[in-house]
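Me: I am new to this structure. Could you take me through it in short questions and answers?

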Amino acid sequence: MKKFAQSKAGKVVIALVALLFVGAIAQPGQQTANVSSSMPQETASQAASSSQADESSSGGASAEAPAAAPAGSADAPAAAGVKAHFIDVGQGDSEFIELPDGKTMLIDAGVPDAGQTVVSYLKGLGCTRIDYLVATHPHADHIGGLPAVISAFDIGEVWAPKATNTTQTFEAFIDAVRAKGLQIHAGSAGMDIVGADAGYSVSIIAPPDGVNSDDYNDYSLVIKLVYGNTSFLFTGDAPAETIAAAQPGHVDVLKVAHHGSNTGTTGALISALSPTYSVISYGIGNDYGHPTEKVLTMLTSHSQHVLGTGANGTIAIASDGTTVTASCDRPDAQVEPGSKGGNGSGGGSSGTAAAAAGAAAGAGTVVAGDESANDTVYITASGKGECYHRKGCSTLKRSKLVAVSRSDAEAQGLRPCTRCNP
Ligand SMILES: [Zn+2]
Ligand SMILES: [Zn+2]
């Protein structure tokens, strides 16, 4: 029999690896007490300061008033429409989604230092509750900021893949879940976070149940949101092959996988998705050369608009069920390929090998023996890097550096640079 037989309402809650999760299985009744699923009273802070995108520019914007009713007139939890915010968290991922029934979803929250950015942004929207909180996979640039978010808001359901990590970043996430008495729903393909009877649906289309890999990116929850005739696809850092195998069909809005690395995108995938909007979440000057020129070329040939948080800042894309419209902080900016030192996911001929090797180093789990725990290593002062380095690493030419111990760097969820092998 099928372990995870699904009914529409049937979300199977699975206690994840007992060692870490047993404490998280506590009284879930708590969080239902305060059910003010109030929507942002005013989304104007975002909309007003930026213009509405239309077809006139590849940067995606012209100056007209927001057409798609922002899901946020005050006191209107039943506001029509979907609005997805791709929050600029530097190198990392964070998407906040206002749903048609007034509920809210947050997918990832960037690195630990980005947690406050996300919290402030959501508070600026008037958000007090996150009904569905998703941790796509246990890498620091996705789950790092979640503890700050979990402690700052009323949280409904928490979803994550069946994967655990040994980093402090991951443990902080688990601790935050536990501290709120929440459970984790272990997601895999075929499960609905929100069933279609809600008037829209939020489905997990990958990874398949039972996926087993050394690369945490392979566990990324890939989530498809359908509202009316429009659809959004959120991909975490999933490999292109996994996304393609799930056959999502055409989507109007694509959160490009893995920050625009070569592993997350193939021509075949993008051609099949033919997204109206492609959004890349990345930080300018990142260590990986994200997004790659190759990926940008694919995106621009199959997507009407290519936006990125590094270039455009925070991006909001709204759907009224028929049309999607975008607004952003810097509508005239163009997404440029990352400049890299030739390492990481940018440089590989196969893309897959190079980027997967970097990612498989996995936020510190598989690396650096204890004997070297007191070595001095270098990290970027901005906190935007995902790696630690030797002094003089060529990928750091433009960065301000801070010396830290290797163990501290790892405690922050950073991993050794694949170029300088610290
Ligand atoms: Zn990532
Ligand atoms: Zn990742």
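Me: How do S14 and strand S15 pair, and over how many bridges?
Reply: This is a predicted model. Strand S15 covers residues 324-328. S14 and S15 are joined by five bridges, and the sense of the pairing is antiparallel.

Me: Which residue in S15 does Ala-318 stand opposite?
Reply: Ala-318 has a place in S14, on a side with Ala-316. Across in S15, the residue opposite Ala-318 is Thr-325.

Me: Which residue in the hairpin of S14 and S15 takes a positive phi?
Reply: Four residues lie between the two strands of this hairpin. One residue there has a positive phi near 100°. That residue is Gly-321.

Me: Is strand S14 largely enclosed or left open by the rest of the structure?
Reply: Strand S14 spans residues 315-319. In a regular strand, side chains alternate between the two faces of the sheet. On one side of S14, Ile-315, Ile-317 and Ser-319 are buried; on the other, Ala-316 and Ala-318 are buried. Five of the five residues are buried, so S14 is largely enclosed.

Me: Which residue stands opposite Ala-318 on the S1 side?
Reply: Strand S1, residues 82-86, runs antiparallel to S14. Five bridges join the two. Opposite Ala-318 stands Lys-83.

Me: In S2, what is the bridge partner of His-85?
Reply: S1 also pairs with S2. Four bridges join them, and the strands run antiparallel. The partner of His-85 in S2 is Phe-96.

Me: Which strands stand at the edges of the eight-stranded sheet?
Reply: This open sheet has the order S6-S5-S4-S3-S2-S1-S14-S15, with mixed pairing. Two of its strands have a single partner each, so one side of each is left without a neighbour in the sheet. They are strand S6 (184-186) and S15.

Me: What is the average twist in the open sheet of seven strands?
Reply: The order here is S7-S8-S9-S10-S11-S12-S13, again with mixed pairing. Strand S7 (192-194) and strand S13 (305-308) each have a single partner strand, so they form the edges. From one strand to the next, the twist averages 20°.

Me: In S13, which residue is the bridge partner of Ser-278?
Reply: Strand S12, residues 277-280, is joined to S13 by four bridges. The two strands run parallel. The partner of Ser-278 is Val-306.

Me: What do the buried residues of helix H9 pack against?
Reply: Helix H9 covers residues 293-302, and its buried residues are Val-295, Leu-296, Met-298, Leu-299 and His-302. Seen down the axis, they fall within an arc of 160°, so they line one face of H9. They pack against helix H8 (267-273), S12 and S13.

Me: And what do the buried residues of H3 pack against?
Reply: In helix H3 (residues 115-124), the buried residues are Gly-115, Thr-117, Val-118, Tyr-121 and Leu-122. They cover an arc of only 165° around the axis, which puts them on the same side of H3. Their packing partners are strand S2 (95-98) and helix H5 (146-152).

Me: What share of the residues of the protein chain count as buried?
Reply: The chain comes to 13 helices and 19 strands. Among contacts between residues at least 6 apart in sequence, 70% join residues at least 24 apart. Of the 422 residues, the buried share is 58%.

Terms used
Residues numbered from 1 in each chain as written. Chains lettered and ligands numbered in written order. Predicted model: local features only at pLDDT ≥ 70, side-chain atom pairs only at ≥ 80, totals over all residues. Pairing = 2+ DSSP bridges. Axes fitted to C-alpha atoms, helices over the stretch in contact; angles between N-to-C directions. Buried ≥ 20, exposed ≤ 12 C-beta atoms within 10 Å, placed from the backbone. Contact = placed C-beta atoms within 7 Å. Arc of directions from axis to C-beta.
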